[in-house]
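Could you walk me through this model in the viewer? I would like to know what to select at each stop and what I will find there.

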Amino acid sequence: VKVVFFDLNKIAVLGIIENQKLNFSTSDNFQVYLSDMFDNIPQQKFDIVIINPPYFFKKITDITSLA
């Protein structure tokens, strides 16, 4: 199983990296990207995609707007 995680909030990305280090012994099948949707994800084939698109329809003014 290969897991790809991405978020445009740097704090969320750093949190998932820290959780991975604390809870899993290897990161061979776990990739984390700072990305707006699929912008910074290397092209690849996915069997399943689970996504929660943003529902914040205002201009992003600071990092707390990304929560």
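Select S35 and D39 to begin: the side chain of S35 reaches the backbone nitrogen of D39 at 3.3 Å. That counts as a polar contact, a pair of N or O atoms within 3.5 Å; within protein, one must be able to donate a hydrogen and the other to accept it, and residues adjacent in sequence count only if both atoms are side-chain atoms. Before going further, note that this is a predicted model, in which local features need pLDDT of at least 70, side-chain atom pairs count only at pLDDT 80 or more, and totals for chains, interfaces and linings use all residues. Residues are numbered from 1 along each chain as its sequence is written, and side-chain values use heavy atoms, with hydrogens and water left out.

Stay on S35 for a moment. This serine sits in the segment after strand 2, which covers 30-34; helices (H or I, at least four residues) and strands (E, at least two) are DSSP runs, numbered from the N terminus. Is S35 buried or exposed? S35 is buried, with a relative accessibility of 2%; here buried means under 20% relative accessible area, exposed over 50%, and partly exposed in between (1.4 Å probe, protein chains only). Now show the surroundings of S35: setting aside neighbours within four places in sequence, S35 contacts F6, D7, L8, N40 and I41, where contact means heavy atoms within 4.5 Å.

Next, pick N40, one of those contacts of S35. N40 is also in the segment after strand 2 and is partly exposed, at 47% relative accessibility. A polar atom of the N40 side chain lies 2.9 Å from the backbone oxygen of L34. Not counting residues up to four places away in sequence, N40 touches Y33, L34 and S35. For a sense of scale, draw a distance from the C-alpha of N40 to that of D62: the two are 22 residues apart along the chain and separated by 21 Å.

Move on to M37, in the segment after strand 2 as well. What is the phi of M37? The phi is positive, about 55°, although M37 is not a glycine. Most residues other than glycine have a negative phi. M37 is partly exposed, with a relative accessible area of 34%.

Now colour the aromatic rings. The structure holds two aromatic pairs; rings of Phe, Tyr and Trp (its six-membered ring) pair if their centres lie within 6.5 Å, with planes under 30 degrees apart counted as stacked, over 60 as edge-to-face and the rest as tilted. Together, the ring pairs link F6, F38 and F46 into a cluster. F38 is partly exposed at 38% relative accessible area, and F46 is partly exposed at 32%.

From F6, switch to the cartoon. Strand 1 (residues 3-7) and strand 2 run parallel and are joined by five bridges; two strands pair if DSSP finds at least two bridges between them. Y33 is the bridge partner of F6 in strand 2.

Follow the chain through helix 1 (residues 10-23), which makes a right-handed β-α-β unit with strand 1 and strand 2. Right-handed means that, with the strands pointing away from the viewer, the path from the first strand over the helix to the second runs clockwise. At the start of helix 1, look for a side-chain oxygen of N9 within 2.8 Å of the backbone nitrogen of I11. I11 lies in helix 1 and is exposed, at 57% relative accessible area. Q20, also in helix 1, is buried at 9%.

Finally, zoom out to the protein chain, which has one helix and two strands. Its C-alpha atoms fill a box of roughly 40 × 30 × 15 Å, taken along the principal axes. Buried residues make up 10% of its 67 residues.
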